[in-house]
Amino acid sequence: MNELTRRGFLGSAAAVGGATVVTSAVAGAPAAQAAVPEAAEGGACGAPTALVQVDRADRRYQDLVSRGFNGRFRGKPDVVYVVHTADQVVDAVNRALEAGRRIAVRSGGHCFEGFVDDPAVRAVIDMSEMRQVSFDTARQAFAVEPGATLGETYRSLYLNWGVTIPAGVCPQVGVGGHVLGGGYGPLSRRDGVVADHLYAVEVVVVDASGRARKVVATSAANDPNRELWWAHTGGGGGNFGIVTRYWFRTPGATGSDPSALLPKAPESTLRHIVTWDWSALTEKAFTRIIDNHGAWHQRNSAAGTPYASLHSVFYLNSRAAGQIVLDVQIDGGLNGAEGLLNDFVAAINEGTGVEPAVQRSTEPWLRATLANKFDTGGFDRTKSKGAYLRKPWTADQCATLYRYLSADSQVWGEVSLYSYGAKVNSVPETATATAQRDSIIKVWMSATWMDPTQDDANVAWIRNIYRDVFAATGGVPVPNDRTEGTFINYPDIDLTDPEWNTSGVPWYVLYYKGNYPRLQKVKARWDPKNVFRHALSVRLPD
């Protein structure tokens, strides 16, 4: 089952012209880079690659502008800069600004909305070649460049030092934007969100004169740039500048042994895949499963719970997919892990009268982690929405979920419920820009399809189910005693539209709660000309 993907759960199994190579000559560049060693035990060979500038006549252009995750959006910038160093990023930004071109940045390319592929964007800075992972002895922290994928980062951190970060499940996602939104994954209940382990950032910013420069900001209390670091612990991408390097170290970790400065990776991954066929699910059984799931998380989401290393994703697929699927895993080296997993599955199914199919597996942690590849199978058109739950679904919400998901429809929709809380909730909501620190379940809703002629039907489906599930609070998960807003890495421009957000609560409160004014102050200092912007970017203060 390790090759299963979200789309797999939904049944999808059914000559260079115009190229310019620009040599960047920036005074002091070698010294600026000297503090960060090459990748562990040897790095890049030969001279650094020069800045690459690709225009529309270049055969590489289409590959570079079609790297986005969502096929609904395809940009057509005038130029794409492929960068390899922070100094090249400075050069590329200055070139774009001098030409009057609006800038966007792409690392992994997994944004759900068209922020990079906006028609207004005329210059894209592609970070995908900046993918080094190393240990910086000067800072006693792990340096990761933004173009590295999560899979590359996991592999390097684990094989070289035995450590990891509690980041996402998809190996192809780029570190760049993932960390900026806070970042979470299978180890977050045990270790917190990935931003909780962010020690420092190197950022290319544009000052009031309109010129780009590099800045390093750390979490140190006496760092004059500390607020810039803070804004990168969940403030979202495309807001303040371009991150060219992250440094990771767990707060409170000391000493010079790298293997003690980040969380240890699990010994192995024990996994159960539990499936219920829609043909066997009555509304009563479906509701009982959802009630059980919510109640379990309400009981077991405090910091220090024996289930801290348990992570589950409950794929509530629409009837067109044939099944709903619970994918649950736990640290296989944990004492009594098998019993904990069995008890969890039993608790979710208790009293349903339906016997699910269960597939069990145990694999070394790295192999299992890198096997979670996401392949759209051609279903690359999507619309997504998110939410945080502080309490289980209400009876009305369960009824709404059943009504939409059980309907005889060709829409392949999904409501995914991710285990959350535990260590995540032990951090004050103002300590980082990730403000949601009191939730037990993270929700991701989506519709995914292939045919452009089906855009309207699918977008309508996801908009309507989201609106109706949160009907009691104006169609959105407002921060209150039951919900806690939503996740900036699940961007949804509908939240700015009064047709779909009738709550009276602004979109930025849904994403940032009370942290938004502080983020605006960071924006005013570090991006006073609003160079870095998109439909959901932090706005300059009035």
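1. In strand 13, glutamine 329 is the bridge partner of histidine 311, and this pair belongs to an antiparallel pairing in which strand 12 (residues 311–317) and strand 13 (residues 323–331) are joined over 5 bridges. Strands here are DSSP runs of E of at least two residues, helices are runs of H or I of at least four, and both are numbered from the N terminus; two strands count as paired if DSSP finds at least two bridges between them. The model is a predicted one, in which local features need pLDDT of at least 70 and side-chain atom pairs pLDDT 80 or more, while totals for chains, interfaces and linings use all residues. Residues are numbered from 1 along each chain as its sequence is written, and side-chain values use heavy atoms, without hydrogens or water.

2. The connection between these two strands deserves a look of its own. Strand 12 and strand 13 make a hairpin with 5 residues between them, and in that turn glycine 322 has a positive phi of about 95°.

3. How much of strand 12 is buried? The strand is mostly covered, since 7 of its 7 residues are buried, buried meaning under 20% relative accessible area, exposed over 50% and partly exposed in between, with a 1.4 Å probe and protein chains only. In a regular strand the side chains alternate between the two faces of the sheet. On one side of strand 12 the buried residues are His311, Val313, Tyr315 and Asn317, and on the other they are Ser312, Phe314 and Leu316, with both faces covered.

4. Strand 12 also has a pairing with strand 16 (residues 413–419), again in the antiparallel sense and over 5 bridges. Within it, valine 313 stands opposite tyrosine 418 of strand 16.

5. Seen as a whole, these strands belong to an open sheet of 7 strands in the order 14-11-13-12-16-17-15, and the pairing is antiparallel. Its edges are strand 14 (357–364) and strand 15 (381–389), each of which pairs on one side only. Strand 13 is joined to strand 11 as well, over 9 bridges in the antiparallel sense, and here histidine 272 stands opposite valine 328 of strand 13.

6. Helix 9 itself has 17 residues and reaches 24 Å from its first C-alpha to its last, close to the 24 Å expected at 1.5 Å a residue; the expected span is 1.5 Å times one less than the number of residues. Its buried residues are Ala285, Phe286, Ile289, Ile290, Asn292, His293, Gly294, Trp296 and His297.

7. A further open sheet holds 5 strands in the order 6-7-10-8-9, also with antiparallel pairing. Strand 6 (133–136) and strand 9 (212–218) are the edge strands, each pairing on one side only. Strand 6 runs antiparallel to strand 7 (residues 141–144), to which 4 bridges join it, and phenylalanine 135 stands opposite phenylalanine 142 of strand 7.

8. Is helix 4 largely enclosed or open to the outside? Because 10 of its 13 residues are buried, helix 4 is largely enclosed by the rest of the structure; Asp87, Gln88, Asp91 and Asn94 are among the buried residues, as are Ala86, Val89, Val90, Ala92, Val93 and Ala96. The 13 residues of helix 4 (residues 86–98) should span 18 Å at 1.5 Å a residue, and the end C-alpha atoms, which are 18 Å apart, agree with this. Just after this helix, glycine 100 takes a positive phi of about 75°.
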